[in-house]
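Colleague: I'm new to this one. Can you put it on screen and take me through it?

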Amino acid sequence: MSQTTQQVPDDQLTPQDVIEKLNDIKNALFKNWKYLLIFPILGLGIGFALDQFLKTPPSYEATVVFNLGGGGQNNGLGDVAGLLGLGSAPDANIFTGENFFYFVKSRPVIERNLMKEVEVNGKKKILANYFIEKSGIIEKEWEDRPDIHKFRFTERDPAKLKLEERVILNELVTKSANSTEIATLDRKSSFIAISATMQDEILTGLWVTNLLDTVEGMYTENQTQKTRKTRDLLKRRADSLASVLGVTEKKLAVQMDNSQQLIFAAPKLQTTSTERKSGFLQQLYYEALGSVEKMNVSLVRESPLFTKIEDIKVPLDMKQEDSRRTKIGALIGFLLSFVFIYFKTVFSSVPKTAKN
């Protein structure tokens, strides 16, 4: 029998060829081992330098969870359902659906929160001034504006601010709103979370806790606006009746004193008429007072209930940027070392092939 030898096509590699290639790679790596160290170390150094140069301070995150209960005769269940997208048809309330989330981060709410007076280390401060000092806006947004680095608010009423102060306040509103988030915890949950991420722990905690109080106050003011106007109208009417009643009672007292010393009927009839008028005014006055009290009770009933479910964590969660540029630099250096060794090996073998 004749023994035949199977020929391998030129475009295919035999196991022996693979072993030879791997052996060549191993020899090339061992021969150029110093480049496997130099390039990664160089990349690591560059990445480390970038991390130090572009280093940002750690940030702190504060979150407060609350539940919004409605007011009114139906306990606001339809409003809350519409707010959270749970199915009930929304009414014409401006705070239904996504409107509430926009309301929380709207300029009037953020502005009022910034203008609040807070206590920091036993000292009273306008929150906007503490925000300027600790939010990093001086080092970042105002880096090229040294003329306003020492600016501080002295007036808490935005309507009394000058044009330059309004411009600065608007910048604070934008930065603080971008650092604030609001969302529901879950699609099936009615709990809402307000969170903020800033570079100062005390500022972050103060901002979130005061923001919830501000939202509750302004939300209640808007929801009960009609009832408060009606109550104030009834209160003014009661005050007017009280003033007229006081004059009438004084007049009645004088007439009664005089009628005791007179025997004529006419003064007594006048006294009786004044007495009837006084009684009628008393009835109207007491009815007005009753209406005012009913409006006060209605205000309590209509006011939405903000129930705080979970307060901010103490201490706050700290988020610190990792050394990602150092790691990326080392990885790139390691890959570049392989590329460099490959081309060095290829080009160094060209002269030898030419001589042969």
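Colleague: What do the buried residues of α5 pack against?

Modeller: They pack against α4 (99-104), β3 (123-126), α6 (127-134), α7 (163-178) and α8 (201-223). Helices here are DSSP runs of H or I with at least four residues, strands are runs of E with at least two, and both are numbered from the N terminus. This is a predicted model, so local features need pLDDT of at least 70 and side-chain atom pairs count only at pLDDT 80 or more, while totals for chains, interfaces and linings use all residues. Residues are numbered from 1 along each chain as its sequence is written, and side-chain values use heavy atoms, with hydrogens and water left out.

Colleague: Which residues of α5 are buried?

Modeller: Val109, Ile110, Glu111, Asn113 and Leu114, in a helix that covers residues 107-114. Buried means under 20% relative accessible area, exposed means over 50%, and partly exposed is in between (1.4 Å probe, protein chains only).

Colleague: And what share of the protein is buried?

Modeller: 34% of the 356 residues. The protein has 11 helices and 7 strands.

Colleague: How confident is the predictor?

Modeller: The mean pLDDT is 75, and 72% of the residues reach 70 or more. pLDDT is the predictor's confidence in each residue, from 0 to 100. Over residues 1-5 it stays under 50, and the model has 0 contacts beyond four places in sequence for them. Residues 72-92 also have pLDDT under 50, with 31 such contacts. A contact means heavy atoms within 4.5 Å.

Colleague: New topic. How many aromatic pairs are there?

Modeller: The structure holds 6. One of them is Phe100 with Phe103, tilted, at 6.4 Å centre to centre and 40° between the planes. Rings of Phe, Tyr and Trp (its six-membered ring) pair if their centres lie within 6.5 Å; planes under 30 degrees apart count as stacked, over 60 as edge-to-face and the rest as tilted.

Colleague: Where do those two sit, and how far apart in the helix?

Modeller: In helix α4, 3 residues apart, so about one helical turn separates them. Phe100 and Phe103 are both buried. Another tilted pair is Phe131 with Trp207, at 6.1 Å and 45°. That pair links distant parts of the chain, since Phe131 is in α6 and Trp207 in α8, 76 residues apart. Phe131 and Trp207 are buried too.

Colleague: Which residues form the aromatic cluster?

Modeller: Phe100, Phe101, Phe103 and Tyr219.

Colleague: What about salt bridges, how many?

Modeller: The count is 8, taking a side-chain nitrogen of Lys or Arg within 4 Å of a carboxyl oxygen of Asp or Glu. Among them is Glu133 with Arg152, at 3.4 Å, N to O. Glu133 lies in α6 and Arg152 in the loop between α6 and α7, so the pair ties together parts 19 residues apart in sequence.

Colleague: Is Arg152 buried or partly exposed?

Modeller: Partly exposed, at 29% relative accessibility.

Colleague: Which salt bridge does Lys175 make?

Modeller: Lys175 meets Glu141 at 3.2 Å, N to O. Glu141 is in the loop between α6 and α7 and Lys175 in helix α7, so parts 34 residues apart in sequence are tied together. Lys175 is buried, with a relative accessible area of 15%, whereas Glu141 is partly exposed at 42%.
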